[in-house]
Amino acid sequence: MKSTTKFQLSFMMFLEFFIWGGWFVTLGTFMGNNLNAEGGEIAAAFSTQSWGAIIAPFIIGLIADRFFNAERILGVLHIIGAALMYMMSQATDSAVFYPYVLGYMIAYMPTLALVNSVAFNQMKDPSKDFPFIRVWGTIGWIVAGLLISFAFGWDSQDAIASGMLKNTFVMTAIASAVLGVFSFTLPKTPPSAKGEKVAIKDILGLEALGLLKDRNFLVFFLSSVLICIPLAFYYQNLSPFLTESGVEKSTALASIGQVSEVVFMLLLPFFFKKFGFKKTILVGMLAWTLRYLLFAYGNTGDLFFMVITGIVLHGICYDFFFVSGQIYTDSKAGPKIKSAAQGLITLATYGVGMLVGFYVAGKITDANIVGEGHDWNSVWIFPAIFAAAVFVIFAVLFKEEKIEYTE
């Protein structure tokens, strides 16, 4: 791959995830402070990610794969996203804000697949080349958090009180416009299935439903959906939790989770090969329980290290469960339906699982309002118990089987 192409793809990934990390982390805090939103309204806004994930396959399958170059659709969607993101910055109540964030996530979620399509199309050996391109996405997410906390200080207690978090949407709108224009300079990525007939079952990955006849895969599938319920608590409540606890530069602090994600991604092959799939998944599930217990009983004083440790555990929580799960799904599906199987898992987790998770998180958070804040101990205990229950279900019902880690 030419160095200019590497730069283009790396910059594309950097901006793609800079955009997501630049507003999604602080969304709960912004809505609570700027829009006076309740937990249910905040949950509805976060749930737009799930609606976007559910709708995305239709945009990719019906349009991107058959009619237009991927890089052109990527450019159009990000330009539309830039306009919607700016409108989000101008909203003054949840009723006005929600349609913009819903429209934005419907436009954004398909771009996650499009950037991968553009990148893979330029690679002779994706397993070797892709990690070095994709890591720039994680770096982009981290840089967004560092800018918010250290360069602009929009997440300081005083800045939050004065409504400065709305500037995160302006910053993201600018980045989205830049990526939108830049996308038209990316290497050409023509439709992969031009002229082919399309069926809904292909778009949704329904041809992979036959895998659910396998008991182990069924247990894994249901566990994946269920574990997304405690996952939603992390995305929705971390920023409000840190802000209410009086933590300064909380957005940068939260980005430690993405640093951890990179580190544990590198450790995953060793752990997977040494201990196998089941133990790796169980460690990931156990990390969810431990993380929420640390959040529940830690504080911003002498036990602040517990909160930090809970954030650091994000790498184990995400990589050991979701990345291992992708490897498992790939091995079970085989070459013929591997894309359909991955699509089915994505739809079930980021679509259905997270949708239910955000709803539950909103209800639990609203039920634990105390004065002008929340009883965070009670909020975090629920996902800790839930994750522990999923751990037990998987440990008992999933029978050990050998899965090879393919790099």
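**Burial, rings and charges**

Modeller: Gln236 counts as buried because its relative accessibility is 1%, and buried means under 20%. Keep in mind that this is a predicted model.

Colleague: Where is Gln236 placed, and with which residues is Gln236 in contact, leaving aside its neighbours within four places in sequence?

Modeller: Gln236 belongs to helix α10, residues 215-244. Apart from those sequence neighbours, the contacts of Gln236 are Gly28, Gly39, Ile42, Ala43, Phe46, Phe358, Ala361 and Gly362.

Colleague: How many aromatic pairs are there?

Modeller: Rings pair if their centres lie within 6.5 Å, and the count by this rule is 48 aromatic pairs. One of them joins Trp23 and Phe24, with 5.5 Å centre to centre and 80° between the planes, an edge-to-face pair. Trp23 is buried at a relative accessible area of 1%, and Phe24 is buried at 3%.

Colleague: Why is the pair of Phe97 and Phe169 edge-to-face?

Modeller: Planes over 60 degrees apart count as edge-to-face. The planes of Phe97 and Phe169 are at 70°, with the ring centres 5.8 Å apart, so the pair falls in that class. This pair links distant parts of the chain, since Phe97 is in helix α5 (residues 94-120) and Phe169 is in helix α8 (residues 167-183), 72 residues apart. Phe97 counts as buried at 0% relative accessibility, and Phe169 counts as buried at 1%.

Colleague: Which rings have the charged end of an Arg over them?

Modeller: Arg134 has its charged end over the ring of Phe17, 4.0 Å from the ring centre. The charged end of Arg291 sits over the ring of Tyr234, at 3.7 Å from its centre.

Note on methods:
Residues numbered from 1 in each chain as written. Predicted model: local features only at pLDDT ≥ 70, side-chain atom pairs only at ≥ 80, totals over all residues. Heavy atoms only, no water. Helix = DSSP H or I, 4+ residues; strand = E, 2+ residues; numbered from the N terminus. Buried < 20%, exposed > 50% of the residue type's maximum accessible area, 1.4 Å probe, protein only. Contact = heavy atoms within 4.5 Å. Phe/Tyr/Trp six-rings, centres within 6.5 Å; stacked < 30°, edge-to-face > 60°. Lys NZ or Arg CZ within 6 Å of the ring centre and 35° of its normal.
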